[in-house]
Amino acid sequence: MARTAEAAADWTALAGAARACVACPELAATRQHVVVGDVPASGRPRLVLVGEAPGATEDETGRPFVGRSGMLLDQLLGEAGLDRATAAVLNIVKCRPPGNRTPKAPEVARCSGWLRRQLDLLDAPVVVALGLSSARWFLGPRTVLAAVRGRPHEVDGRAVWATYHPSAAIRFGPRGAPRAGLLADLTAVAGSLGGAP
């Protein structure tokens with residue numbers, strides 16, 4: 001119990017520091033919120049879901065994956081037998097890039113320290129990298145999503161699963177390969193975690 005309280009205090013301090021970050025002047029000037037991430041109220045997460053960057057709805061609310069992509073993610077997590085309430089949900093970059101553009105390499109580099117500290121604090125055994133930007137952050141800049149999906153990769157003592165971003169599943173529609181692949185990968189992750197928390 002003391003460890004959970006200590007981790008929460010550290011998380012609160014980290015979140016407060018992140019919300020004041022102005023390391024990326026363009027992002028700091030256009031954001032409404034720094035989207036630090038969601039963590040389970042119950043303590044250590046069973047897994048961490050890591051996307052690319054906040055979108056418009058996330059920037060408005062200050063919470064990750066709450067727009068259309070988040071609704072689909074929640075639905076597919078449920079279909080796979082996972083509960084978002086037991087997961088931490090983060091992004092590589094904590095501020096919305098203007099026009100939802102892909103974050104620039106210097107922005108990712110400046111924001112990487114926040115994500116590394118979050119991962120250390122949360123200490124989850126499994127990470128799901130959602131989309132190519134996230135997969136490349138964990139597995140290297142030459143990562144090809146099709147080549148790394150469907151199995152875990154050990155990174156810093158964690159099992160990292162790379163899969164499609166929910167926005168790709170939306171773009172290709174309900175019968176598209178990204179949606180089916182995302183569901184299959186989440187189902188495999190659920191199987192690797194075993195039974196109920």
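**Pocket, strand, helix and cavity**

Reply: α8 supplies the largest share of the lining of the largest pocket, three residues. Helices (H or I, at least four residues) and strands (E, at least two) are DSSP runs, numbered from the N terminus. The model is predicted: local features need pLDDT of at least 70, side-chain atom pairs count only at pLDDT 80 or more, and totals for chains, interfaces and linings use all residues. Residues are numbered from 1 along each chain as its sequence is written, and side-chain values use heavy atoms, with hydrogens and water left out.

Me: What makes a space a pocket and another a cavity?

Reply: On a 1 Å grid over the protein atoms alone, a cavity is a set of points where a 1.4 Å probe fits but cannot get out, while a pocket is an open set with protein on both sides within 12 Å along at least five of seven lines; lining residues have an atom within 4 Å of a point. The largest pocket holds about 610 Å³ of space. Its lining has 25 residues, and Glu52, Ala53, Ser69, His165 and Ser167 are the closest to its centre.

Me: How many cavities of 30 Å³ or more are there?

Reply: The count is one. About 110 Å³ of space lies in the largest cavity. Of its 15 lining residues, Cys21, Cys24, Arg31, Cys95 and Cys111 are the closest to its centre. α5 gives the most to this lining, with three residues.

Me: Why is strand β2 called largely enclosed?

Reply: Buried means under 20% relative accessible area (1.4 Å probe, protein chains only), with exposed over 50% and partly exposed in between. Five of the five residues of β2 (residues 87–91) are buried, so the strand is largely enclosed by the rest of the structure. Ala87, Val89 and Asn91 point one way, Ala88 and Leu90 the other. In a regular strand the side chains alternate between the two faces of the sheet.

Me: How do you know that β1 and β2 pair?

Reply: Two strands pair if DSSP finds at least two bridges between them. Five bridges join β1 (residues 47–51) to β2, and the two run parallel. Val48 stands opposite Ala88.

Me: What span is expected of helix α9, at 1.5 Å a residue?

Reply: The expected span is 1.5 Å times one less than the number of residues. Helix α9 (residues 177–193) has 17 residues, and its 24 Å from first C-alpha to last is close to the expected 24 Å. Gly194 follows α9, with a positive phi near 80 degrees.

How values were computed:
Grid points are joined across faces, edges and corners, and a volume is the space filled by probe spheres set on the points.
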